[in-house]
Amino acid sequence: MKKRFETEVIHNSYQAEEHQGSLVPPLYQTSTFTFANAEQGENRFAGKEEGYIYSRLGNPTVKILEDKMAALENGEAALAFSSGMAAVSAVLMALTKTGDHILCSQGVYGCTFGLMELFKEKYGIGYDFSQMDSVETLENKILSNTACIYIETPSNPTMKLVDLEMVAKQKGIPVVVDNTFCSPYLQTPLTLGCDVVIHSATKYISGHGDVIAGMAVGRREFIGQVSKTTQKDIGGIISPFDAWLLLRGIKTLPVRMDRHSENAKHLFEYLKTHPKVDYIYYPGDPENKDYAIMKKQMKTPGGLISFSIKGTKETAQTFMNQLQLIKIAVSLGDAESLIQHPASMTHAVVPEEERRKMGIENTLLRLSVGLEAWEDIKEDLDQAFQNI
Ligand SMILES: Cc1ncc(COP(=O)(O)O)c(C=O)c1O
């Protein structure tokens, strides 16, 4: 019987008795697996006998991670990848072909935008961004060749939310959700009717800033198809060591997420009324138009805050340069608080006009609130504000 999330992150998908009693999952740091004889090799390749062949096709350490992530996201199966982008590209390539169309929520990670552009230019797969704020808007935007709906909620970095239950009712079109900002502790899109969940596991799943990795979770049949095609043949697999590090990180996911969220709440209250802050994007802001969606589908508002500094791009950069505790870096979900300037960093590939439409101004900063004492983070922000 499934236990509570905090217990599942530690115990699900691993039985020490099956691994010499090893408390921690063993690291199978091997590229290939030996066969007892030629016939066994033939049978494994033919799918007549279960067993490992070659680590691009499967690895026992990776499998423990995949099973655990599938369980945490309430999916049937999962696949681990070498990066979040490897997961995004493998899933989208499995779902689309030349002539198809992808309907995308407004505001996605810069490289996801880059990938859509690449698909359009090289493979004739079109895309459109849409607000996704009502059934009518969605129905108007879905074309006869729309092969999938792709959603980031909260969106990076503008924190716009999409009501997943509402979108999932669009029968017949697979709904893919990038759940990176939430992790399965805060939001489980599959339980709301969506079809595939993607993670940049580099972020909260790892939690320690030492791995680049991705995950995709969904129905067994679809995940099996990705595993045999766009993962196996394109080859964006995770290394066993990185899977092992993720298994270590995941055990503390709920504890970390609670702390990230709690810290972010305090910092939101501080930033919200700060005279040098123009506006703020945070799903836990009661004045945010998506607040009701947050309450409905997220456990807490999470650990990310974007805010716009009054002034110019230079003011925002000067502010960043004054920070001492908070590090200037892209990525998020680490123990360390990180700040970045989306317009010149994560979303620099998005043309300025498109960026503006997404709500990414040159004065916008994205803060990934870390696990430090929130008072110390606040003091660092405070001294930086005093120096601009
Ligand atoms: C929301 C989101 N999705 C996907 C990615 C890509 O993940 P990765 O850097 O692990 O390839 C990122 C990276 O920042 C992200 O923020």
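## Ser-83 and its contact

In this predicted model, the side chain of Ser-83 reaches the backbone nitrogen of Met-85 at 3.4 Å, a polar contact, meaning a pair of N or O atoms within 3.5 Å where, within protein, one must be able to donate a hydrogen and the other to accept it, and where residues adjacent in sequence count only if both atoms are side-chain atoms. Ser-83 lies in the loop between β1 (77–81) and α4 (84–95); helices (H or I, at least four residues) and strands (E, at least two) are DSSP runs, numbered from the N terminus. With a relative accessible area of 18%, Ser-83 is buried, where buried means under 20% relative accessible area, exposed over 50%, and partly exposed in between (1.4 Å probe, protein chains only).

Because the model is predicted, local features need pLDDT of at least 70 and side-chain atom pairs count only at pLDDT 80 or more, while totals for chains, interfaces and linings use all residues. Residues are numbered from 1 along each chain as its sequence is written, and side-chain values use heavy atoms, with hydrogens and water left out.

## The ligand

Both Ser-83 and Met-85 are among the residues around the ligand, which also include Tyr-109, Glu-152, Thr-180 and Ala-213; a residue is near a molecule if one of its heavy atoms lies within 4 Å of it. An oxygen atom of the ligand is 3.0 Å from an N or O atom in the side chain of Asn-156, and a nitrogen atom of the ligand is 2.6 Å from an N or O atom in the side chain of Asp-178. For Lys-203, an N or O atom in the side chain is 2.6 Å from an oxygen atom of the ligand. Of the 390 Å² of accessible area that the ligand has on its own, the protein covers 92%.

## Helix α11

Helix α11 (residues 253–272) has 20 residues, which at 1.5 Å a residue should span 28 Å, and its end C-alpha atoms are 27 Å apart, which agrees; the expected span is 1.5 Å times one less than the number of residues. Met-257 is placed in this helix and counts as buried at 0% relative accessibility. Between Met-257 and Gly-284 there are 14 Å in space, C-alpha to C-alpha, and they are 27 residues apart in sequence.

## Helix α3

The 13 residues of helix α3 (residues 60–72) should span 18 Å, and the end C-alpha atoms are 19 Å apart, which agrees. Eleven of the 13 residues of α3 are buried, including Pro-60, Glu-66, Lys-68 and Leu-72.

Definitions and conventions:
Areas by Shrake-Rupley, 256 points an atom, 1.4 Å probe, with all protein chains shown as cover.
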